Amino acid sequence: MSAINIENLSFAYDKELILDNINLEVKELDFLAIIGPNGGGKSTLLKLILGVEKFTQGKIEIFNNKSQKNISLIGYVPQNTNVNIDFPIKVIEVVLMGHFSNKKPLFGYAKEERACALGALKQVGMEEYTESKIGSLSGGQRQRVMIARALCSHTKILVLDEPTSSIDIKGQKEIYDLLKELNSYITIVVVSHDISVILEYANRVAHINKKLSFHDISNKKETFHTHGENQHFCEVELLQMLGADNCNTCKDKE
Amino acid sequence: MIEALSFEFVQNALIAGILVSFAAGIIGSLIVVNRMVFLAGGMAHASYGGIGMAVYFGFPIFLGASLFAVLSAIIIAILTMRQRNRMDTFIGLIWAVGMAIGVIFIDLTPGYNVDMMSYLFGSILAVSKENIYFMSVLLTTIIFVMIFWYRDILAVSYDSEYAKLRGVNVKFFYTLILILSALTVVVAIKVVGLILVIAMLTIPVYIAEKLSKSLFGMMLISGLVATLFTLAGLWFSYTYNLSSGASIILLSASGLGIFLLLNNFFKGNRI
């Protein structure tokens, strides 16, 4: 089944075309990396999927339903998680925010919501920090909490925007390992600049620069050797991998 | 001091002090975490326009100030939703225009208006029964709103973008916070005056922020701390025959200084 299905999607701010006729199918349990230059439309595509921006042309389906209907199945992790660090809020309260606002307004949270939030914290390995103040955590730990928040409402698709932009190298690897783990039962879509890192984990890559080109790299990884302990591709290999046989520009040259 | 408690105006001042302190503690917390301190200052000064008009047309001053403060809150809310990055300019504008309207209307009012100073620097000893009713209704409303919409207000304050994604009506809650802030500013003007109102809304909150892990805790602690400062300030002003508003603010500031020193000493925390 396709988790996200985008057909003939175009989007423009005023007269400037940002996305031109995008077609993209994300299958269930895919690990999709969205790469591309700044201003190429990556974030706009995310906003359209999340329903923050409204589109006029094309369609987006989530689990074979109109995106608005199934929007609660998507968990979102925003790019900058360093905002409001001084805010007096406990980890558990941040995670509880992930619940969709359909409960009647009343002080506090329902028991099952609390249980669900604790479950999400366990999934990301942060259950010890439930009652900690969010500002006392490290960048990597805070990112885990944000992932827990996104997982909170029975999420089937996790969408992350530059999840490691403000984390040190060790933390980055831990976050990606966590995502890999979650990928066994959740579809993952990551927008990222760290191409070399993301490609170790992703099985599909979409390159967006107004237009979209799609690469399935799941069966190509074995052909490349590893450097030292960590699997790591160097840029030439990356380009080869992406360009090998499904890149249109390369074909034209031949 | 004990015999002073038998005077009705002292009793009123104490009741008003406690009511306003709690309102200021709760709303001050929201103002600080939403980074709206400058905005609160703008509303306080804009409400002077309402005070001036109320004096000129002869309707209740609380009503005039409230109307003006709420009006400026709504204008600011609309402008901010459209153009967030120019917010400080708009606030500065509303700040000055409101003040100017107040000054002009007071000029136009016949007779000598000696009482106007009390709105600039507070007059808690002149609190009337009607003022106290107004304050009680406001505090009850604030508590009611917080109980019913705590999670939404928390979500909007902490991460409004995410709250929007989760289906929270961000614009509604933002405007609600602004309107409650406007009304709280108006009652705080009665206690410490519009020039000093910012200090009352921020000093207890700053202390509470260091002591609490959650927004709820922050509201409760700042309410208690504000009450402590207000009562101590009242006692100080009564004993030494000084202005009550300024006494409350200076005691609060001294309290903050002592707190920060102790905090530094015991925890080694930076300010």
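Which residue in S8(A) is the bridge partner of A:Phe31?

A: The model is predicted. In S8(A), A:Phe31 has A:Ile188 as its bridge partner. That pair belongs to the contact between S3(A) and strand S8 (residues 187–191) of chain A, two strands that run parallel and are joined by four bridges. S3(A) also pairs with strand S9 (residues 204–209) of chain A, again in the parallel sense and over four bridges. In general, strands of a sheet pair through backbone hydrogen bonds, either parallel or antiparallel.

The burial of the strand can be read residue by residue. A residue counts as buried if 20 or more other C-beta atoms lie within 10 Å of its own. Strand S3 (residues 31–35) of chain A has five of its five residues buried, so the rest of the structure largely encloses it. Both faces are covered. On one side are A:Phe31, A:Ala33 and A:Ile35, and on the other A:Leu32 and A:Ile34, all of them buried.

Chain A also contains an open sheet of four strands, in the order S2-S1-S4-S5, with antiparallel pairing. Strand S2 (16–27) and strand S5 (65–66) stand at its edges with a single partner strand each, so each has one side without a neighbour in the sheet. Within this sheet, strand S1 (residues 2–13) and strand S4 (residues 57–62) of chain A are antiparallel and share five bridges. A:Ile4 has A:Ile62 as its bridge partner in S4(A).

Next comes the nonpolar core. The largest one has 157 residues, and A:Val95, B:Ala23, B:Ala69, B:Ala188, B:Val197 and B:Met200 have the most contacts inside it. Helix H8 (residues 170–192) of chain B gives the most to this core, with 14 residues. B:Ala69, setting aside neighbours within four places in sequence, contacts B:Met43, B:Ala46, B:Ser47, B:Gly50, B:Ala182, B:Leu183, B:Val185 and B:Val186. In soluble globular proteins, nonpolar side chains tend to be buried together.

H8(B) also packs against a helix. Its axis and that of helix H9 (residues 197–211) of chain B come within 8 Å and cross at roughly 105°. Angles of 65 to 115 degrees count as roughly perpendicular, and H8(B) and H9(B) are therefore roughly perpendicular to each other. H8(B) brings B:Val185, B:Ala188, B:Ile189 and B:Val192 to this contact, where they meet B:Val197, B:Met200 and B:Leu201 of H9(B). By class, the contact comprises seven nonpolar residues, no polar and no charged ones.

The two chains also touch: 24 residues of chain B are in contact with 19 residues of chain A. On the side of chain B that touches chain A, helix H6 (129–158), helix H7 (160–165) and helix H10 (215–240) each supply at least two residues. H6(B) gives the most, with nine residues. The residues on this side of chain B divide into 13 nonpolar, four polar and seven charged.

B:Ser243 lies in the loop between H10 and helix H11 (244–267) of chain B. B:Ser243 has 21 C-beta neighbours inside 10 Å and so counts as buried. Not counting residues up to four places away in sequence, B:Ser243 touches B:Phe121 and B:Ser237. The C-alpha atoms of B:Ser243 and B:Gly122 are separated by 8.4 Å, although these residues are 121 residues apart along the chain.

Note on methods. Residues are numbered from 1 along each chain as its sequence is written. Chains are lettered from A and ligands numbered from 1 in the order in which they are written. This is a predicted model: local features need pLDDT of at least 70, side-chain atom pairs count only at pLDDT 80 or more; totals for chains, interfaces and linings use all residues. Two residues are in contact if their C-beta atoms, placed from the backbone, lie within 7 Å. Ala, Val, Leu, Ile, Met, Phe, Trp, Tyr, Cys and Pro count as nonpolar, Asp, Glu, Lys and Arg as charged, and the others, Gly among them, as polar. A residue is buried if 20 or more other C-beta atoms lie within 10 Å of its own, exposed if 12 or fewer, and partly exposed in between; C-beta atoms are placed from the backbone. Two strands pair if DSSP finds at least two bridges between them. A nonpolar core is a set of buried Ala, Val, Leu, Ile, Met, Phe, Trp, Tyr and Cys residues joined through C-beta atoms within 7 Å. Axes are lines fitted to C-alpha atoms, for helices over the stretch in contact, and angles run from 0 to 180 degrees between N-to-C directions. Angles under 35 degrees count as roughly parallel, over 145 as roughly antiparallel, 65 to 115 as roughly perpendicular and the rest as oblique.
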